[in-house]
Amino acid sequence: MKQDLKEYIASLKPVGFPDGNALVREGREMADRIPWNKSRFLQQTGFETWEQYCLDCHKKGKSVFQLLMGLSTLEEQLDALQKIEAFYQRTGCEVRSVQAIPSSLVGLPAAYWENAPRPTSYTMKGEADWLAQTQAAAVDVCWEDWHLSSPNNLQQTIYALQAGTSRLGSFAQYIWDFPGWSDEKNRFSDMCRSMGILAAKKEQGMTVSTYPEDGVAGYFMDVCSMLGYVMLEHYIIEDLCGARMVLSYGGLLSEIVPRIAFGLACEKLYGSKDRMFVVDYNGSTNTAWNHDIEANYGIGAQEMLLEAAVNLHYDLAIAYKPVSITEAIRVPTLEELLHITRCGLGAIEKAAEWEAIIDFSRFETVRDQLIDKGTVFYHNILNALEQAGVNIRDPLEMIVTLKRFDPMKLESELHPSVSETGAFQVYVPTVLYKQTMQKKNDELAALLHKGYGGCMRGQKVVCVSADGHSYGLLLIRQLWRELDAEVIDGGVYMEPASALDLADEEGAERIAISIHCGQCLDYAKQLIKLAHHRNKTYKIAMGGVLNAMLPGYAEPVDVADLIMELGILASNDFEKQVDLFLRAK
């Protein structure tokens, strides 16, 4: 290992943190005092866990669906759960599970809510709010976003268990940051305690879920790297913490062959006939049209048809979690989620015919390549960490070090191609990487055609992502560099004050922001307020998904005009952004 990489990794190691294994043991001891109650779904169906229900449906030849749902208020969420049960009773379709997506605020203790940007979706504050969801209807409810890896994770773990969920996540989201929170020691110490609690409930059927695209793996350019990182998470969850891991995936893997091959690789590594590892296919989210949105039924239908054929061919019980045709533009309504589910039912009806004519060997070839290269990547990471002095048998030290590790550096330095060819090269490219590079090339060509080549030479541009989405940051970073700007890369999860701090430190007045999680209006307001207090003027361009939840609306609405009124350019038109920056002094 190169000395500079060794020194870099050593600098990431947490200092003064408690023993992670002791914290896991502490969590195990706490587990005896925390009741794991049965949800209304489990009470009425007679199953011990959602997994048992899925396996039973599989034996009976039934397809299982799960909805990804986060409405604007808790009352709307509860009403929707009751309507889902009514839909099941009316149609017999096994749509009896919801992955609930509350507001990101729930990941913070309530005392921190006031100063955090308010995104879309409903909030929860006490045990009653978790319990209300699992008792509203005979519909299974699990929580992943803003839970197991959040600053408030220990309290949420207790609430979720008392409410009766049998899945809790998402482990991968330990890389996510939360506005106003910087206490890594308490956050991840509690996470180890939470892992101990869940490990103690493992024999009863409790699982720890992860979603790789929401974590470090979501930053990677190679699907092989994604699989290697799944192996690393499996090592921490199962080998170090003693809990049981399950996985859902698919949001960023929209290309057919790697999408299927990735799931098959995970199942080959960790699945079995009586134990699910991959629990659901998430509909892809990076190829949906934001115009003529009805065409997105075609994307969802073909994905579910192929997944059903794969389930048949390999005797898998993996559930379907389709995304609404409105995914690219806003949070979907319940009816829109049920519409795509009906579409899936129709597609799955033809699965047996397609299974008979599909050549699965291509999937298996890529599956084996992912396992081969991913295994090397996994061992490269462990070896590099250990050589740099990281205790790879301490879950807390591992989690904190990996959170601090630049994902792009992690992949480019430790990817198997580096030792095999002498330089980083991608074996099975991710779709987002290909899309991002194509988008950059298209936008650059249009700007060069209009005479903007080299227009930013000598000018500094601070590029940041306001959330965890790295490919938007990759796009703007690459584009401004191609226009000869001096790019200052602020990375992801950049809070408003930190973005301005970076600009001030670098003597830059131009700031380009990528944002996607519904907090753009609040984020913009904070920027303007901070700039006023500093008595400074910045040229700020904001792009991405520019919607937010406004009072009186049940769904997020476009707020670009409101952001513009504040004095920030809110547009995905790069020519407008360039013109703004060229007007800067």
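**View 1. Arg167 meets its partner in strand 5.** Thr207 of strand 5 is the bridge partner of Arg167. Strand 4 (residues 167-168) runs parallel to strand 5, and two bridges link them; strands count as paired if DSSP finds at least two bridges between them. Helices (H or I, at least four residues) and strands (E, at least two) are DSSP runs, numbered from the N terminus. This is a predicted model, in which local features need pLDDT of at least 70, side-chain atom pairs count only at pLDDT 80 or more, and totals for chains, interfaces and linings use all residues. Residues are numbered from 1 along each chain as its sequence is written, and side-chain values use heavy atoms, with hydrogens and water left out.

**View 2. Strand 5 is covered on both faces.** Look along residues 207-210: Thr207 and Ser209 lie on one side, Val208 and Thr210 on the other, and all are buried (under 20% relative accessible area, with a 1.4 Å probe and protein chains only).

**View 3. Strand 6 on strand 5.** Here Ser209 sits opposite Val246 of strand 6. Three bridges join strand 5 to strand 6 (residues 245-249), again in the parallel sense.

**View 4. The surrounding chain.** These elements belong to a chain with 23 helices and 15 strands. Its C-alpha trace spans about 70 × 55 × 55 Å along the principal axes.

Technical notes
Buried < 20%, exposed > 50% of the residue type's maximum accessible area, 1.4 Å probe, protein only.
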